[in-house]
Amino acid sequence: MWNRYDFTENWGVGLGVIYQDEMYASIDNTVTLPSFTRVDAAAYFAITKQLHVQLNVENLLDREYFLTAHNNNNITPGAPLTFKVGLNGTF
């Protein structure tokens, strides 16, 4: 779920929540990855009508979680608090 609110024509913020239910790590159903909820946020600024910059913050609450698994022994943890800056242009 994601929601965006624009304060002005140039400034906006967003807040999102991602939920993943528990799941098995592999087909034999012996290892279960726990469910998790991750909160993300963003801030947007329009420099011009064609050029926008944004800051995304993933895992805002810096929670530990397991994102996915390839088998019972190869489990991928989710990223910690992460900041990303993007510059978007249209022509």
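**Exercise 1. State how many positive and negative side chains the protein has, and how far apart the centres of the two sets lie.**

Step 1. In this predicted model, the protein carries 5 positive and 9 negative side chains. Lys and Arg count as positive and Asp and Glu as negative, while His and the chain ends are not counted.

Step 2. The centres of the two sets are 11 Å apart. The place of a charge is taken as NZ of Lys, CZ of Arg, CG of Asp or CD of Glu.

Step 3. The conventions used in all the exercises are as follows. Residues are numbered from 1 along each chain as its sequence is written, and side-chain values use heavy atoms, with hydrogens and water left out. As the model is predicted, local features need pLDDT of at least 70 and side-chain atom pairs count only at pLDDT 80 or more, whereas totals for chains, interfaces and linings use all residues.

**Exercise 2. Describe the elements of the protein and how spread out it is.**

Step 1. The protein has 9 strands and 0 helices. Both kinds of element are DSSP runs, numbered from the N terminus: helices are H or I with at least four residues, and strands are E with at least two.

Step 2. Read from the N terminus, the order of elements is β-β-β-β-β-β-β-β-β. The radius of gyration is 17 Å, well over the 12 Å that the globule rule gives for 91 residues, so the protein is more spread out than a compact globule. This radius is taken over C-alpha atoms, and the globule rule is 2.2 Å times the number of residues to the power 0.38.

Step 3. The C-alpha trace spans about 55 × 25 × 20 Å along its principal axes.

Step 4. Of the 91 residues, 22% count as buried. Buried means under 20% relative accessible area, exposed over 50%, and partly exposed in between (1.4 Å probe, protein chains only).

Step 5. Where contacts join residues at least 6 apart in sequence, 48% of them link residues at least 24 apart. A contact means heavy atoms within 4.5 Å.

**Exercise 3. Locate asparagine 59 and determine what its side chain meets.**

Step 1. Asparagine 59 sits in the loop between strand S6 (51-58) and strand S7 (66-71).

Step 2. Its relative accessibility is 1%, so asparagine 59 counts as buried.

Step 3. A polar atom of the asparagine 59 side chain lies 2.9 Å from the backbone oxygen of arginine 63. The backbone oxygen of alanine 79 also lies 2.9 Å from a polar atom of that side chain.

Step 4. Not counting residues up to four places away in sequence, asparagine 59 touches Arg38, Val39, Asp40, Tyr65, Ala79, Pro80 and Leu81.

**Exercise 4. Find where asparagine 29 and aspartate 62 lie, and give the phi of each.**

Step 1. Most residues other than glycine have a negative phi.

Step 2. Asparagine 29 has a positive phi near 60°. Its place is the loop between strand S3 (23-24) and strand S4 (32-33), and at 42% relative accessibility asparagine 29 counts as partly exposed.

Step 3. Aspartate 62 also has a positive phi, about 55°, although it is not a glycine. Aspartate 62 lies in the loop between S6 and S7 and is partly exposed, with a relative accessible area of 44%.

Key. A polar contact is a pair of N or O atoms within 3.5 Å; within protein, one must be able to donate a hydrogen and the other to accept it, and residues adjacent in sequence count only if both atoms are side-chain atoms.
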